Structure formats: C-alpha cells, structure tokens
Amino acid sequence: MAAEKYGPEYQESRTGAMVGTGQPAEEMSVGRYAATRISTLKPPMAKAPNPFKLLAMLNTQQWLFFLVSFLAWSWDAFDFFTVSLTVTDLSVAFNKTKADITWGITLVLMLRSVGSIIFGVAADRYGRKWPFVVNNILFIVLELGTGFCQTYNQFLACRALFGIAMGGLYGNVAATALEDCPEAARGIVSGMLQQGYAFGYLLATVFARALVDTTKHGWRPLFWFGACPPILLIAFRLCLPETQSFIERQRVRQAGHNIGKTFVAEGRVALKRHWLILIYLVLLMAGFNFMSHGSQDLYPTMLTNQYNFSANAVTVTQVVANLGAMTGGTLIGYCSQIFGRRFSIIFICIVGGALLYPYTFTSSKAVIAAAFFEQFCVQGAWGVIPIHLMELSPGSFRTFVVGTSYQLGNLVSSASSTIEATIGERFPLPPKGKTSRYAYGKVICILGRHMGVAHDADLQEAAGAEAVDRIAHADAHRTNSDEVSNEEKGRRI
C-alpha cells in the first residue's frame with residue numbers, strides 16, 4: 001500500500017535515506033546499502049498521475065513562491081551567461097586571450113560555494129526572505145560594476161564578488177519553491193524550477209543579440225540591462241511571507257530555551273548523522289556541473305570560431321537548445337515521480353552521452369537538432385536535482401545543504417571552461433583573416449520526502465520531541481484543511 005501511495009519516493013526511502021527528512025535508515029549497514037544500489041534502480045512504475053491535476057494541487061501562495069523562485073533563478077542564470085556570450089568582445093576590450101576571459105567564468109564558479117555557506121546559514125537561521133533580498137541587491141551592484149569595468153583586473157574582481165552573490169541564491173529558491181509544495185507535485189515542480197536556468201540562458205542569448213555591438217558601448221549594455229530586473233524581484237519577494245515549513249521550524253526553536261542554541265544543536269546533529277550523504281551530494285553535483293558547464297559555456301564560441309556561424313545563427317541555435325533544455329527538465333522531472341529519481345538521472349545521462357558527437361562535430365545548421373536533444377538530456381537530468389537534493393537534505397539545514405553541495409560541486413568543476421579553452425587552443429584551425437580559430441568541439445565532446453517538522457528526527461533530538469509535537473499538532477488542522485481543498489481542486493480539473 002505504501003509503495004502504491006508514495007511510488008518512487010517510498011522506494012528511495014527503503015534504500016538508505018528516509019526521503020524528505022535526510023534521516024538514514026539506521027538498520028541498514030554500509031555493506032547492505034552498497035549491495036542494494038543496483039537492485040533498487042528497478043523503476044517502481046508508479047501510476048502516472050495527470051500533470052495538470054498535480055499542478056492544481058498548489059495553492060495561490062505556493063504558486064507565488066514558485067514564481068518568485070523561478071524568476072530569480074532565471075535572472076541569476078542570465079547574469080552568469082552574460083560573460084559566456086561576450087567572450088570574444090571582452091577579449092578585444094581588455095586585450096586578453098579568450099582563455100584569459102574565461103577566468104571570469106571560473107572565478108564565479110569557484111566562489112559560489114562561499115556565498116552558499118554564508119547565505120545558506122543565514123536563510124536557515126533567519127528566514128528565506130531577507131537573504132534573498134540581499135542577494136539581489138548585490139546582483140544589481142555587481143552587474144552594473146561589470147558594465148563599467150575599464151581593466152581586466154576590475155573585470156575579474158567584479159566577477160569574483162558576483163560569484164559569492166550568485167552562490168547564495170540556489171539553495172534559497174529551491175527551499176522557497178519546494179518545501180511547502182504538495183508531495184505528489186514535487187517532481188514536476190522541481191523540473192519546472194530547474195529550467196529557470198535554461199530560460200535565463202535563453203533570455204541572455206536573445207538580449208545579447210539585441211544589445212551587444214548595437215550601440216557605441218559595445219558589450220556593456222548587456223550588463224547594465226542585467227542589473228534592472230532584480231529590482232522587481234526584490235519588490236515581489238517583499239510582498240510574500242516566509243514559507244510555512246520555516247515558520248513551523250522557528251516555532252519549535254522558540255519553544256525551547258534558546259533559539260540560537262537549538263539551531264547550533266541542530267547543526268551538530270545533522271553533521272553527525274548525515275556527513276556521508278553530504279559527501280555524496282558534493283560529488284554528485286561536481287559531475288553534474290562538469291556536464292552542464294562543459295557542454296554549454298564555450299558552445300557559442302565553438303559555433304562562431306570553429307564553424308563560422310553568424311551571430312544570428314548562433315542565436316537561433318542557442319534558443320532552440322534552451323527550448324530543448326526546458327522541455328527536458330520539465331518532462332524528466334515529472335517522470336522521476338514515476339520511475340524514481342536515480343533511475344531517471346542515470347538513463348537520461350546515458351542518452352545525452354550518446355548525443356555528444358553530433359552536438360560537437362556537426363558543422364552545418366543541422367547541429368540545431370543535436371543541440372535541442374543534447375540540452376534536453378543535460379537539463380532533463382538537472383530537472384530531478386532540486387527535489388533530489390531537498391529530499392536528501394537535513395530539514396533544519398535545507399537551504400545550506402542544497403546550496404552548498406551544489407556550489408561545492410561547482411567549485412570542483414569551476415575550471416571546466418578554462419580547461420576547454422586552453423586545451424582547445426592546442427588544436428588550431430586555419431585562421432579567418434586575423435582571427436585565430438581552434439577545434440573547441442573536440443574538447444567539449446570529452447568534457448563534455450516529507451519536509452515538515454513532524455517528520456524531522458534531527459529537530460526532535462535538538463529541540464525535544466515535546467516541542468515538535470506541540471507545534472505539529474497545532475498546525476495539523478490547518479494542513480488537513482489545505483489538503484482537502486487541494487484534492488477538491490484536483491478533481492475539478
């Protein structure tokens with residue numbers, strides 16, 4: 001009965017972690033856990049729910065949380081890809097090689113883990129709202145600053161600081177969008193949320209074509225424009241409250257003798273119980289970030305430099321690729337609710353690996369099809385990640401663990417674009433006028449749960465079971481009423 005009700009989430013919980021709480025299955029030894037890694041990949045084949053009924057389960061506040069998270073994550077990606085899309089222009093402006101300019105990308109990736117630690121701890125201790133606001137204020141300042149840089153060193157300094165700000169956002173938006181989300185809808189909502197990254201890339205591609213080299217200011221208007229939407233995002237977030245999950249957790253902490261001591265105790269419990277899963281999440285995210293940044297960051301440069309694509313052709317190819325990414329992320333995120341998180345990730349990664357050759361070695365406009373399906377697979381796998389990380393994270397440090405594991409993975413893979421640019425320059429092609437050309441495609445091809453406090457054993461140990469029970473029971477009537485309302489909405493669809 002439980003397997004039928006919870007599908008892949010129940011199956012995952014039987015293999016070593018109680019989904020949504022981060023609590024390990026204490027009766028399972030390390031040897032037993034390792035021995036079940038293959039057998040538990042068998043898809044549970046849960047009944048495929050109607051996706052529209054799933055989305056109808058979200059109430060208005062949950063939709064607003066999702067929307068502000070999606071938009072913020074989209075613009076975060078936009079700001080990141082402004083450098084990827086202007087590598088050639090920046091190299092001319094600062095009289096540096098393309099490999100030198102890619103250090104602006106590498107520094108962002110390296111320092112994102114610093115931001116995830118700072119803002120993650122702040123969000124778990126004080127709430128999701130104000131760290132989000134501070135993040136976006138920093139985006140405004142640093143995007144404007146990048147647009148006014150006059151030297152290469154100023155450029156690197158702005159991008160390094162931008163990396164710290166960017167690192168603080170991912171865990172925050174994942175927690176904001178998903179921790180109050182109805183359990184059955186988390187797979188598809190996770191896929192939709194992650195595609196903010198692809199949507200941001202798509203927007204950056206379009207606006208780069210519209211703003212770069214269309215005025216006397218060259219590449220700078222793209223960065224100036226990037227500083228504007230965060231103002232609206234700040235206003236949007238200020239109109240919303242904290243998530244119900246965080247409010248419940250704060251009530252439990254307040255029921256204890258000292259909020260700060262309870263928070264520190266929660267940290268000790270989480271580290272003691274879950275240090276192995278934290279290592280796993282970092283290694284998982286390192287592989288994922290090599291996959292995404294290795295296939296995306298230098299791709300526009302490859303199209304223009306190696307295959308002589310025009311600016312319009314690059315724009316069309318990138319737009320189609322990101323449409324594929326958004327489709328794949330949403331679809332595979334939904335499918336993970338049926339086939340399981342791990343199986344969905346592994347399967348789509350294998351398919352994506354098989355598509356790397358046409359993605360990087362097709363020199364005609366037919367590469368558009370390969371770009372669509374390659375990014376369908378890359379972002380398809382990524383579509384499962386927000387909810388997979390949330391389900392495996394200790395509840396009291398959800399923002400910190402999700403954000404930091406993701407950004408430490410970024411740190412491990414941070415040199416991917418610089419590695420590709422540097423190695424690619426070892427494979428020169430006949431120059432085009434005064435422009436040196438390189439076979440970048442060869443290198444790209446290579447590199448190429450329950451979440452409420454009532455189910456959180458860590459919080460029970462840190463704050464006391466009595467405090468947790470008191471808060472959980474106080475909110476039970478409200479929660480049950482919301483679920484009945486959501487079910488009624490789903491039946492009407």
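Biologist: Which helix gives the most to the lining of the second largest cavity?

Modeller: First, the general idea: rolling a probe the size of a water molecule over the atoms shows where empty space is left. Keep in mind that we're looking at a predicted model. Here, helix 19 gives the most to the lining of the second largest cavity, with three residues. The volume of this cavity is about 50 Å³.

Biologist: And which residues line the second largest cavity?

Modeller: Look for Y201, Q296, Y299, Q318, A321, N322, Y359 and Q375. Sort that lining by class and you get four nonpolar, four polar and no charged residues.

Biologist: Now the pockets. How many residues line the second largest pocket?

Modeller: A pocket is an open set of points, while a cavity is one the probe cannot get out of. The second largest pocket holds about 870 Å³ of space, and its lining counts 35 residues, with L85, V87, T88, D89 and T304 nearest the centre. Helices 6, 13, 18 and 19 and strand 4 each give two or more residues to this lining. Helix 6 gives the most, namely five.

Biologist: What does the lining of the second largest pocket look like by class?

Modeller: You'll find 11 nonpolar, 15 polar and nine charged residues there.

Note on methods
Residues numbered from 1 in each chain as written. Predicted model: local features only at pLDDT ≥ 70, side-chain atom pairs only at ≥ 80, totals over all residues. Heavy atoms only, no water. 1 Å grid on protein atoms, 1.4 Å probe; cavity = no way out; pocket = protein on both sides within 12 Å on 5 of 7 lines; lining within 4 Å. Points joined across faces, edges and corners; volume = space filled by probe spheres on them. Helix = DSSP H or I, 4+ residues; strand = E, 2+ residues; numbered from the N terminus. Nonpolar A, V, L, I, M, F, W, Y, C, P; charged D, E, K, R; others polar.
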